[in-house]
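Dear colleague,

Please find below the structure that I am handing over to you. My notes on its contents follow directly after it.

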Amino acid sequence: MSRTLPGLTFDTGALIALERRSARMGKVLFVAREQRVRISIPAPAFTEWWRGPSRRREELRECFDLEPLGEPVARLAGEALAAVPRATLVDAVVMASASRRGDVVYTSDVNDLLALQVFFPGVRVLHT
């Protein structure tokens, strides 16, 4: 029986790490692509990361699915912000997005996202 691998959601810090050619995130990206694991980037995280076109950003952009911010994720993120007032909008959207798919989240801000696990206990958070 084949086991389905969870998808991945990258936050802004994960994208920055990839752009800066972090060996760890490079390996995560390589393995995910090799095993055809879906990589999602919620639109607000993409917005924080994108600072205009560059060759590296364009290369990375081809590796993931950009997830628009729809009402279901926006509502869930808003509820998370109410439950965890110190959380940021982008972090809440990243966690809400990942929770709807059962994804694993990669971030450089582990403590910020772990605070949101009170609201999203099923989301696994890993450091970049």
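A residue is called buried under 20% relative accessible area, exposed over 50% and partly exposed in between (1.4 Å probe, protein chains only). The model is a predicted one, in which local features need pLDDT of at least 70, side-chain atom pairs count only at pLDDT 80 or more, and totals for chains, interfaces and linings use all residues. Residues are numbered from 1 along each chain as its sequence is written, and side-chain values use heavy atoms, with hydrogens and water left out.

Thr 9 is buried, at 0% relative accessibility. It belongs to strand 1 (residues 8-10); strands (E, at least two residues) and helices (H or I, at least four) are DSSP runs numbered from the N terminus. Leaving aside neighbours within four places in sequence, Thr 9 is in contact (heavy atoms within 4.5 Å) with several residues, among them Ser 40, Arg 101 and Asp 103. Between Thr 9 and Asp 65 there are 9.4 Å in space, C-alpha to C-alpha, and the two are 56 residues apart in sequence.

Ser 40 lies in strand 2 (residues 39-42) and is likewise buried, with a relative accessible area of 0%. With neighbours within four places in sequence again set aside, its contacts are Leu 8, Thr 9, Phe 10, Asp 65, Arg 101 and Asp 103.

Turning to the helices, the axes of helix 1 (residues 12-19) and helix 2 (residues 23-34) come within 8 Å and cross at roughly 100 degrees. Axes here are lines fitted to C-alpha atoms, for helices over the stretch in contact, and angles run from 0 to 180 degrees between N-to-C directions. Helix 1 is therefore roughly perpendicular to helix 2, a term that covers 65 to 115 degrees. Ala 14, Ala 17 and Leu 18 of helix 1 meet Met 25, Gly 26 and Leu 29 of helix 2.

Finally, the largest pocket holds about 250 Å³ of space. A pocket is an open set of points on a 1 Å grid over the protein atoms alone, where a 1.4 Å probe fits, with protein on both sides within 12 Å along at least five of seven lines; lining residues have an atom within 4 Å of a point. The volume is the space filled by probe spheres set on the points, which are joined across faces, edges and corners. Of its 13 lining residues, Leu 5, Pro 6, Leu 8, Val 37 and Tyr 106 are the closest to the centre. Helix 2 gives the most to this lining, with 3 residues.

Yours sincerely

Notes:
Parallel < 35°, antiparallel > 145°, perpendicular 65-115°, else oblique.
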